[in-house]
Amino acid sequence: MGSLNGDGIAGYDMAGEYERKGEKNSKEDISGGYVCENFSSSEIFSDGGGLNSDDSGKQEAKRCPLDMIKDSQEAMEFDQQFSEIEIEKRHVPVEDRQDMSIMTENLNEVQNVPLEDLGSGADTAVSSETNGDEQIVPPHSQLPKPEAPPGLLNPPSMEDYYRVERSQSLTENLPAIGKYIRDRSNSLSAAIVKRISSFKESDESKSKWNNVTEFNLSGLKVIVKQKDENRDFALKGRISFFSRSNCRDCTAVRLFFREKGLKFVEINVDVYPSREKELMERTGTSSVPQIFFNEKFFGGLVALNSLRNSGDFDRRLTEMLGRKCPDDAPAPPVYGFDDYEEDTTDEMIAIVRVLRQRLPIQDRLMKMKIVNNCFAGAEMLEVMIQHFDCGRKKAIEIGKQLARKHFIHHVFREHDFEAGNHFYRFLEHEPFIPRCINFRGSTNDSEPKTAAAVGQRLTKIMSAILESYTSDDRRHVDYMGISNSEEFRRYVNLVQDLHRVDILALSTDEKLAFFLNLYNAMVIHAVIRGGRPNGVIDRRSFFSDFQYLVGGNVYSLNIIKNGILRNNRRSPYSLMKPFSNGDKRLELALPKVNPLIHFGLCNGTRSSPSVRFFSPKGVEAELRCAAREFFQRDGIEVDLDKRTVHLSRTLKWFNADFGQEKEVLKWIMDYLDATKAGLLTHLLSDGGPVNVAYHNYDWSVNS
């Protein structure tokens with residue numbers, strides 16, 4: 001074994017070799033020597049002879065005259081010299097894999113030798129064979145006693161063996177690539193151990209959180225709660241309750257079931273009018289909410305509160321829903337089926353159909369412009385006189401009625417209908433029609449509903465959507481859930497009734513509520529259809545290109561806000577007004593600008609007010625409530641130390657509606673809570689300067 005050929009042994013053997021060379025100077029350098037070290041039996045070769053493993057070599061080793069060394073100091077110098085030479089010149093070739101196996105076998109042989117046979121590690125110097133018997137040859141008493149190599153008394157493991165037996169010279173002479181591979185192997189092993197330990201830690205964390213599975217993603221933390229299997233197994237039935245939009249009691253029932261984690265089916269009779277008859281038959285009343293456990297009628301909010309306060313809710317719930325829901329229970333709404341509503345066909349539709357078939361629709365030249373898909377007024381009069389056998393005066397009156405009902409329009413919208421050389425076109429041939437989202441190939445030829453009725457129906461459906469697919473504070477909207485809902489499908493069908501409604505018949509408050517609600521509904525529809533725009537150009541397209549056909553005219557978000565609600569005022573950073581002179585839509589513009597409209601319009605961003613819908617009778621009070629909520633949330637911040645008031649950037653963009661900064665601060669005072677109002681009053685009353693800063697606007701979608 002290599003450890004038996006240590007410094008002391010090498011010194012002893014080389015001393016005999018030195019004597020045979022004629023007692024050369026002990027400090028002479030020995031060069032050119034090459035030592036091939038076998039880990040089972042040492043064979044030392046040099047350029048001047050050496051110690052061999054045969055019997056003659058052994059006898060020669062025994063005849064080594066140790067008395068040639070004069071004193072112990074000289075012996076120590078002698079031994080140290082040869083030890084250093086051995087470290088510098090010793091090489092162990094490891095190229096052959098077979099040598100490595102021999103090395104391992106010899107190690108096993110040494111490890112199997114009893115310690116008693118080895119003797120004391122300090123006294124043992126060399127082992128040789130004589131006539132088949134092992135003999136221990138001790139070194140001279142005055143020579144330094146070699147220490148036992150590490151691990152000899154306690155046999156090392158294979159891993160320790162390779163680490164101990166590789167000498168310094170081996171490490172120094174290995175190629176750089178070998179050292180690199182060894183380092184990479186060590187780092188790979190450490191990585192594997194670390195990975196295994198992480199698996200163990202994750203298993204421990206999973207055992208710690210029995211009911212929660214946690215996923216940590218970049219910038220996102222998702223916690224998924226496991227279902228209560230026992231509860232889900234026990235509850236086989238169905239909870240159903242009838243409701244209406246904007247009902248406080250219905251909202252309380254909805255929140256209670258959500259807090260309990262109970263699944264329920266809501267039947268909103270404002271969204272599904274045909275179910276109101278079923279409500280009357282089952283409960284004997286049209287009031288809501290009315291709760292059913294399977295087919296059994298339970299009661300309203302009062303009965304639910306009584307059961308909750310009794311502390312016996314879970315047991316009663318298990319009893320009532322412990323069996324599968326029967327077929328005679330209230331059925332959940334089905335997607336894709338509309339309630340049957342008898343539409344009255346417009347009395348003028350027969351005349352319109354004849355005109356569509358017989359009038360020559362052509363491109364014509366008028367005022368040095370090419371007018372597409374139009375017909376002459378004289379041609380229409382001639383067709384009506386011949387086909388309906390009426391006089392010219394009667395035909396002109398029919399033409400005016402068709403124009404008022406938005407079946408036909410003058411190509412330049414200059415007047416309704418007149419006899420003479422004028423050109424007209426049908427509503428479906430208008431150039432803006434293809435861009436209208438609520439137009440589906442043809443106009444609605446049914447008798448137009450009143451704008452008030454359509455607006456009320458729109459408000460109820462959209463309010464039901466908000467109650468089901470928004471957060472409690474209405475600041476976060478689930479657009480994906482809305483797009484897949486039956487309520488939104490019915491809304492898309494409803495907006496086709498806007499084609500030919502008469503908006504001029506609305507009062508000022510009805511008009512205000514109608515366009516506020518239409519704006520908020522169009523924003524939701526626009527986000528679902530095309531997503532929220534990011535850049536400035538995309539935002540301009542979002543507010544200008546998403547259009548509805550309403551009352552025979554086209555309306556975009558920009559037109560509704562700046563043309564109708566702001567009385568035809570320019571939008572921020574724009575040079576043109578929405579309506580030009582002579583535009584028929586100017587008749588619909590509100591006579592006076594109400595600054596509160598900015599707190600009732602939600603444009604789908606995080607910095608905009610919460611989305612809501614308004615009633616015609618209480619629109620003014622509801623707008624004031626929206627303004628208070630906006631300023632109490634984050635619309636204003638007062639910094640007394642810096643004497644600065646931070647406001648929403650909306651107030652800066654529309655300063656034409658709010659006034660100058662000092663006027664704005666006084667106007668805001670009526671919509672602040674006591675704390676903010678006191679701070680702002682202190683700043684305004686002490687006579688010092690007041691700085692006004694504006695928040696950065698967050699254009700990200702409010703989802």
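1. Start with a pair of helices: α10 and helix α12 (residues 301-309) pack at about 35°, and their axes are 10 Å apart. Helices here are DSSP runs of H or I with at least four residues, strands are runs of E with at least two, and both are numbered from the N terminus. Axes are lines fitted to C-alpha atoms, for helices over the stretch in contact, and angles run from 0 to 180 degrees between N-to-C directions. The crossing of α10 and α12 is left-handed (left-handed: the near helix is turned anticlockwise from the far one by less than a right angle; right-handed: clockwise).

2. Who touches whom in that pair? On the α10 side the contact uses Asp249, Ala252, Val253, Phe256 and Phe257, and on the α12 side Leu301, Leu304 and Arg308; contact means heavy atoms within 4.5 Å. Sorted by class, the contact of α10 with α12 has 6 nonpolar, no polar and 2 charged residues. For the classes, Ala, Val, Leu, Ile, Met, Phe, Trp, Tyr, Cys and Pro are nonpolar, Asp, Glu, Lys and Arg are charged, and the others, Gly among them, are polar.

3. A word on what you are looking at. This is a predicted model, where local features need pLDDT of at least 70, side-chain atom pairs count only at pLDDT 80 or more, and totals for chains, interfaces and linings use all residues. Residues are numbered from 1 along each chain as its sequence is written, and side-chain values use heavy atoms, with hydrogens and water left out.

4. α10 (248-260) turns up again at the second largest pocket, where α10, α17 (451-469), α20 (508-530) and α23 (619-635) each give at least two lining residues. α17 has the largest share, 9 residues. The pocket holds about 1,000 Å³ of space. A pocket is an open set of points on a 1 Å grid over the protein atoms alone, where a 1.4 Å probe fits, with protein on both sides within 12 Å along at least five of seven lines; lining residues have an atom within 4 Å of a point. Points are joined across faces, edges and corners, and the volume is the space filled by probe spheres set on them.

5. Which residues lie nearest the centre of that pocket? Of the 38 lining residues, they are Ser245, Asn246, Ser463, Glu467 and Phe613. The lining as a whole splits into 13 nonpolar, 11 polar and 14 charged residues.

6. The crossing of α15 and α16 is right-handed. Met380, Leu381, Met384 and Ile385 of α15 meet Arg392, Ala395, Ile396, Ile398 and Gly399 of α16. That contact counts 7 nonpolar, 1 polar and 1 charged residues.

7. On to the sheets. β12 and β13 (residues 369-376) are joined by 4 bridges, and Met366 has Lys369 in β13 as its bridge partner.

8. Another open sheet has 3 strands in the order β18-β19-β20, with mixed pairing. Its edge strands are β18 (636-639) and β20 (691-694), and the twist averages 20° from one strand to the next. β19 (residues 644-647) runs parallel to β20 over 4 bridges. Helix α27 (residues 674-685) packs on this sheet, touching β18 and β19, and makes about 50° with the direction of β18.

Definitions and conventions. Two strands pair if DSSP finds at least two bridges between them.
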